[in-house]
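Welcome, and thanks for taking a look at this one with us. Please have the sequence and the 3D view open side by side as you read the briefing below.

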Amino acid sequence: MSEDDPLLINHILWTDESKFTNNGILNKQNNLYWSNENPHCTVPTNFQTCWGTNVGLIGDVCRNIYYQQDGAPAHNARIVQELLRVRFGEKFIATHGPVEWPPRSPDLTPLDFFLWGHLKNVVYTDPPINIQDLKNKITHACYLLNEN
């Protein structure tokens, strides 16, 4: 599709989700690190005292836009696919959507490359004391994005 429309990327509504916890430990499944060598590092954690929340972000929806659904298994359910077809017609990108994810896609969006790391740097500057404080810090960090 990008060969037919080189500006297609400007018409994609990117969506994604990430886990925020009280200890700032990153989920290795949700983060990707590139390096020329393997650092062989380990991070001790105490998961018995870990709490957190999942955050999903979706921007404003316009008429001339393709909705991008990531490859999470829950997003492949028929009910989700039907909802997307009602809302976006044939203009959504999903594992089994009218515009399919490319085979062996790494399932990475611009949010994975910048947004989550930036938000977590802002949120964890001062560690949260409880779940409501964590949610307030996430909301505040998102508002700061709009000011820049």
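A salt bridge here is a side-chain nitrogen of Lys or Arg within 4 Å of a carboxyl oxygen of Asp or Glu. By that rule, the side chains of Lys137 and Asp126 meet in a salt bridge, at 3.5 Å from N to O. Please keep in mind that this is a predicted model. With that said, here is a tour by topic.

**Overall layout**

- The chain has three helices and six strands, and from the N terminus on its elements run β-β-β-β-α-β-β-α-α.
- Of the 148 residues of the chain, 28% count as buried.
- Among contacts between residues at least 6 apart in sequence, 71% join residues at least 24 apart.
- The accessible surface of the chain comes to about 10,700 Å², and 55% of that surface belongs to carbon and sulfur atoms.

**Salt bridges**

- The count of salt bridges comes to three.
- Lys137 and Asp126 form a pair that links distant parts of the chain, with Lys137 in helix H3 and Asp126 in the loop between H2 and H3, 11 residues apart.
- Lys137 counts as buried because its relative accessibility is 18%, while Asp126, at 48%, counts as partly exposed.
- Asp133 also forms a salt bridge with Lys137, and the closest N and O atoms are 3.8 Å apart.
- Asp133 and Lys137 are four residues apart in helix H3, so about one helical turn separates them; both Asp133 and Lys137 are buried.
- Together, Asp126, Asp133 and Lys137 are linked in a network of salt bridges.
- Elsewhere, Glu90 and Arg85 meet through their side chains in a salt bridge of 3.3 Å, N to O.
- Glu90 counts as exposed at 52% relative accessibility, and Arg85 counts as partly exposed at 36%.

**Aromatic pairs and charges over rings**

- A search of the whole structure finds three aromatic pairs.
- One of them joins Phe20 and Tyr124 in a tilted arrangement, with 6.3 Å centre to centre and 40° between the planes.
- Phe20 lies in strand S2 (residues 16-21) and Tyr124 in the loop between helix H2 (110-123) and helix H3 (131-147), so this pair ties together parts that are 104 residues apart in sequence.
- Both Phe20 and Tyr124 are buried.
- Another pair, Tyr67 and Phe88, is stacked, with 4.8 Å centre to centre and 15° between the planes.
- Phe20, Trp116 and Tyr124 form one aromatic cluster.
- The charged end of Lys120 sits over the ring of Phe20, 5.0 Å from its centre.
- The ring of Phe88 has the charged end of Arg87 over it, 5.0 Å from the ring centre.

**Helix H1 and its two sides**

- Which residues of H1 are buried? They are Gln81, Leu84 and Phe88.
- Seen down the axis of H1, these buried residues fall within an arc of 60°, so they line one face of the helix.
- On the other side of H1, Arg78, Ile79, Glu82, Leu83 and Val86 are exposed.
- The buried residues of H1 pack against S4 and strand S5 (92-94).
- Gly89 follows H1 and has a positive phi, near 65°.

- Gln81, in helix H1, counts as buried because its relative accessibility is 8%.
- Not counting residues up to four places away in sequence, Gln81 touches His75, Asn76, Phe92, Ala94, His96 and Gly97.
- Gln68, in strand S4, counts as buried at 1% relative accessibility.
- Leaving aside neighbours within four places in sequence, Gln68 is in contact with Ile12, Leu13, Trp14, Thr15, Ile93, Trp101 and Thr109.
- The C-alpha atoms of Gln68 and Ala94 are separated by 6.4 Å, although these residues are 26 apart along the chain.

Conventions:
Residues numbered from 1 in each chain as written. Predicted model: local features only at pLDDT ≥ 70, side-chain atom pairs only at ≥ 80, totals over all residues. Heavy atoms only, no water. Phe/Tyr/Trp six-rings, centres within 6.5 Å; stacked < 30°, edge-to-face > 60°. Buried < 20%, exposed > 50% of the residue type's maximum accessible area, 1.4 Å probe, protein only. Lys NZ or Arg CZ within 6 Å of the ring centre and 35° of its normal. Arc of directions from axis to C-beta. Contact = heavy atoms within 4.5 Å. Areas by Shrake-Rupley, 256 points an atom, 1.4 Å probe, with all protein chains shown as cover.
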